[in-house]
Amino acid sequence: MGKETSKYQANSRDFEVTEYITEGCVIHTVALSSSIDKPKVHISFSYSNDNEYVDIISGKSYEEALNMMIKAVNNRTRERNYFKLYINLLDGSMTDEEFDQEIEVNENNYIVNETEMANLHRVSLALQLSKHIMNVDSINDLSSLFSFNPNSLEQLALEQ
Amino acid sequence: MAKLINSGDTIIGKHTDGHTRKWNWKGLKKHPVLNRNMTLYECTLNSYAEIVKECEIEDLNDECKEKYNHKLGDCLEAFAISIYVDSKRKYNFSVEAGISGRHKASTFSFRDLSVCSITTPLSNLEKHIKLLEQGKN
């Protein structure tokens, strides 16, 4: 999110004029404060593509991004758990039967589900988030991280 | 017997052979169509996969029969393919010379049910999503 702030003073009041720019939404805000112990008053004017403005000020955008990041961390942990278990199999700490049984019994700890159908909004958000995550180099990485159905991602990539 | 070269094209076979110049083992995933726990490999750079043994008809659900190519000799040739193999263990890839032009390539022979798809590069998806968003606005 881009941000530009200018500060003014008039009639012993401080004015802070800020312009926030996100993808699909621009918010102009004037914050007024007369003294430290009194609450700040904010006046906002915005134009956005869809419900972006309401989503931002209600915290919905933030919550959605946070939930996706939590999902990404959990999916990476599942991958790590599987590779750790595989090392145990290779170094002889567990038998083939124990390996199979562990995965079967605690499937949720080792297997990444790729069931979420991709849509434009979710994939766009996932692509923005993935810029801050290591080793996201392919559609498979994206689908494994955010549980997208890889076929639906491919379909989105071909959509006209 | 079909040679497939477009993004999203998929083959499913009981035994699959092929080669690639670069591959990555991506761990265990639940395949969204077969609903089985399968190991995912990502092959990039001059990738090729071919069905050398067809699936039993009971291995294929309706969606597989409708969307996936499953005849003997059906093959994929592309820059990048993803391969889901019905095994919890890693397969070995062996390096051989003179397969991909003058380059060495890693060959694979999967002897479990495998689903191979041609994948779109991530950079293409990103560009396409931007275009879709611009079109929407």
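Predicted model: local features only at pLDDT ≥ 70, side-chain atom pairs only at ≥ 80, totals over all residues.

Tutor: Residues are numbered from 1 along each chain as its sequence is written, chains are lettered from A and ligands numbered from 1 in the order in which they are written, and side-chain values use heavy atoms, without hydrogens and water.

Student: Why is the aromatic pair of B:Trp23 and B:Phe93 called stacked?

Tutor: Rings of Phe, Tyr and Trp (its six-membered ring) pair if their centres lie within 6.5 Å, and planes under 30 degrees apart count as stacked, over 60 as edge-to-face and the rest as tilted. For B:Trp23 and B:Phe93 the centres are 3.9 Å apart and the planes 10° apart, so the pair is stacked.

Student: What makes the pair of B:Phe93 and B:Phe110 edge-to-face?

Tutor: The centres of B:Phe93 and B:Phe110 are 5.9 Å apart with 75° between the planes, and therefore the pair is edge-to-face.

Student: How do you know whether B:Phe93 is buried or exposed?

Tutor: Buried means under 20% relative accessible area, exposed over 50%, and partly exposed in between (1.4 Å probe, protein chains only). B:Phe93 has 13%, so B:Phe93 is buried; B:Phe110, at 0%, is buried, whereas B:Trp23, at 24%, is partly exposed.

Student: Which residues do ring pairs link into a cluster?

Tutor: The cluster consists of B:Trp23, B:Tyr41, B:Tyr91, B:Phe93, B:Phe108 and B:Phe110.
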